[in-house]
Amino acid sequence: MGAHAIVQGSLNIDMVMTGRRLPARGESILGASFATFPGGKGANQAVQLARLGMETFMIGRVGADVYGDQLIASLQAAGVRTDAILRDKEHGTGKGWVFIDEAGDNYIIVIPEANMEWQVEDLAPMTELCAGADLFLCQLETPVPIVDRALRQAKAAGLLTALNPAPAADLPADLFQHVDLLVLNQTEAAFYAGRPAQDARQAAETAAELRERGCGAVVLTLGERGAVACDADSAYACDAYAVPAVDVTAAGDSFCAGLAYAMVKGQDLNSALRFACACGALTVTRAGAQPSLPTLAEVRAFMQEKGRAYGGQDHI
């Protein structure tokens, strides 16, 4: 089997509402629009990898319902291999309720359903898929014991292992030793490190602290302020690209997949950080989760336009 990526994680149908602001407690307000989009952190990251040109296999669970049909169809349309997605006849497909305000910020509640019904035997496809694979990418919208087991198996098979530990959850102390690339945001970093990271300097210190738990490299995203990264050699920073924000849903997923893709393709962490920031920036300029994820040609053109096609920012 040829080189490829494996994504283990969640698949959700996103119910997206837009409005000027969130209502106050007990208040009813009029919204602006409503739509449904295919989503879920795992599925989003798989689609992004596929749109960047990487053969990608998704391992996940959906319900035996119309939403499951829609999610599988969306993955297949993006070129993601869906053979290892299970149809759960007892639990429905996961759902994400998303509210987006006029500034483009989002507020999300996820109802996992089938995503949290994993059994150990559901990971059976990992054995075959790991043969010849380059990358394993996962998140925490499925049970932690399943993620832990899958990470260990992928690491033992020699894959680059990437974890987006979101939503934040208590993890086994030695799990990080099986993670080559840890990618998280400020909220998640505060949970795992026990202190906030308000600016690039604090973020670099937090990333270095988290790396001491056994990760190969740690990348911490700072929203409109860019991202920082820390590996065995140094700490790096990348400013965010200035773009008009339409919908930030899936921007983090695009960033994670873009970062992992760039590193698998041989870029160093500094250059991969810039590529990932470009992926995330393009994503926020469009509505919806998977519909907003860019292709490799779009990312390259965007970086060329912004004058960041090569090189990286100075070390912190």
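## Sheet, helices and cysteines in a predicted model

Mean pLDDT for the chain is 92, and 97% of the residues score at least 70. pLDDT is the predictor's confidence in each residue, from 0 to 100. This is a predicted model: local features need pLDDT of at least 70, side-chain atom pairs count only at pLDDT 80 or more, and totals for chains, interfaces and linings use all residues. Residues are numbered from 1 along each chain as its sequence is written, and side-chain values use heavy atoms, with hydrogens and water left out.

Contact means heavy atoms within 4.5 Å.

**The sheet.** Nine strands make up an open, mixed sheet, ordered β5-β4-β1-β8-β9-β10-β11-β12-β13. Its edges are β5 (85-88) and β13 (235-238). Each has a single partner strand, so one side of each lacks a neighbour in the sheet. The twist averages 15 degrees from one strand to the next. Helices (H or I, at least four residues) and strands (E, at least two) are DSSP runs, numbered from the N terminus. Two strands pair if DSSP finds at least two bridges between them. Strand β4 (residues 56-63) runs parallel to β5, and four bridges join them. G60 has I85 of β5 as its bridge partner.

**The helices.** Helix α1 (residues 41-51) lies across β1 (5-8), β4 and β8 (135-138). Its direction is at about 150 degrees to β4. Axes are lines fitted to C-alpha atoms, for helices over the stretch in contact, and angles run from 0 to 180 degrees between N-to-C directions.

L151 belongs to helix α4 (residues 144-156). L151 is buried, at 0% relative accessible area. Buried means under 20%, exposed over 50%, partly exposed in between (1.4 Å probe, protein chains only). Beyond four places in sequence, L151 touches F136, C138, T161, L163, L175, H178 and V179. Its C-alpha atom is 9.5 Å from that of Q8, 143 residues apart along the chain.

**The cysteines.** The whole structure holds zero disulfides. A disulfide here is a pair of cysteine sulfur atoms within 2.5 Å. Two cysteines show why: for C277 and for C279, the closest cysteine sulfur is too far for a bond.
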